[in-house]
Amino acid sequence: MELTHVRLLVDDYKKCFYFYRDTLGFEVTWGDENSNYADFAFQGVTLGVFERKQMVEALGDVYTESGTRDDRAALILRVDDVKETYKKWKDKVTFITEPVEQKDWGLKVAHFRDPDGNLLEIYESIM
């Protein structure tokens, strides 16, 4: 068995496509802004972004857009310098935390969400 990639199921596919391609700079390896599915390559990891409506219908369910979100997963991105990345991205993304040291974990982190509300974390090791 081989884990090949992580796929995010999103309600607003186009906004998420542009976010991962243009804002975070992930390379598109399959799909475009109109395909409702795209694969992105970034540092050896493949991230799939798929319109949630199509996945729900493929499973035989009826799609409804949920207004609430309980985080069940997060994308974690290692960066060289959290404060510098925060400064570089703060006009492009809405951070929900400022850079903070988590000394028990030996990390400095900051958090934000993609246009569909998925949680992302940037971190650097401080040990």
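The protein contains three helices and eight strands, where helices (H or I, at least four residues) and strands (E, at least two) are DSSP runs numbered from the N terminus, and along the sequence these elements follow the pattern β-α-β-β-β-α-β-α-β-β-β. The model is a predicted one, in which local features need pLDDT of at least 70 and side-chain atom pairs count only at pLDDT 80 or more, whereas totals for chains, interfaces and linings use all residues. Residues are numbered from 1 along each chain as its sequence is written, and side-chain values use heavy atoms, with hydrogens and water left out.

Taken along the principal axes, the C-alpha atoms fill a box of roughly 50 × 35 × 30 Å. Of the 127 residues, 35% are buried, a class defined by a relative accessible area under 20%, with exposed meaning over 50% and partly exposed in between (1.4 Å probe, protein chains only). Among contacts with a separation of 6 or more, 45% are accounted for by residues 24 or more positions apart, a contact being heavy atoms within 4.5 Å.

A search of the whole structure finds four salt bridges, each defined as a side-chain nitrogen of Lys or Arg within 4 Å of a carboxyl oxygen of Asp or Glu. One of them joins D11 to R52, with the closest N and O atoms 3.0 Å apart. Because D11 lies in the loop between strand 1 (6-10) and helix 1 (13-23), while R52 belongs to helix 2 (residues 52-58), this pair ties together parts that are 41 residues apart in sequence. Another salt bridge links E84 and K87, whose closest N and O atoms are 3.8 Å apart; these two residues are three apart in helix 3 (residues 82-89), so about one helical turn separates them. E84 is partly exposed, at a relative accessible area of 45%, and K87 is exposed, at 53%. The side chains of E101 and K103 also meet in a salt bridge, at 4.0 Å from N to O, with E101 partly exposed at 41% and K103 exposed at 64%.

The lining of the second largest pocket comprises 13 residues, of which F26, F42, V45, I76 and L77 are the closest to the pocket centre; a pocket is here an open set of points on a 1 Å grid over the protein atoms alone, where a 1.4 Å probe fits and protein lies on both sides within 12 Å along at least five of seven lines, and lining residues have an atom within 4 Å of a point. Strand 5 gives the most to this lining, with five residues.
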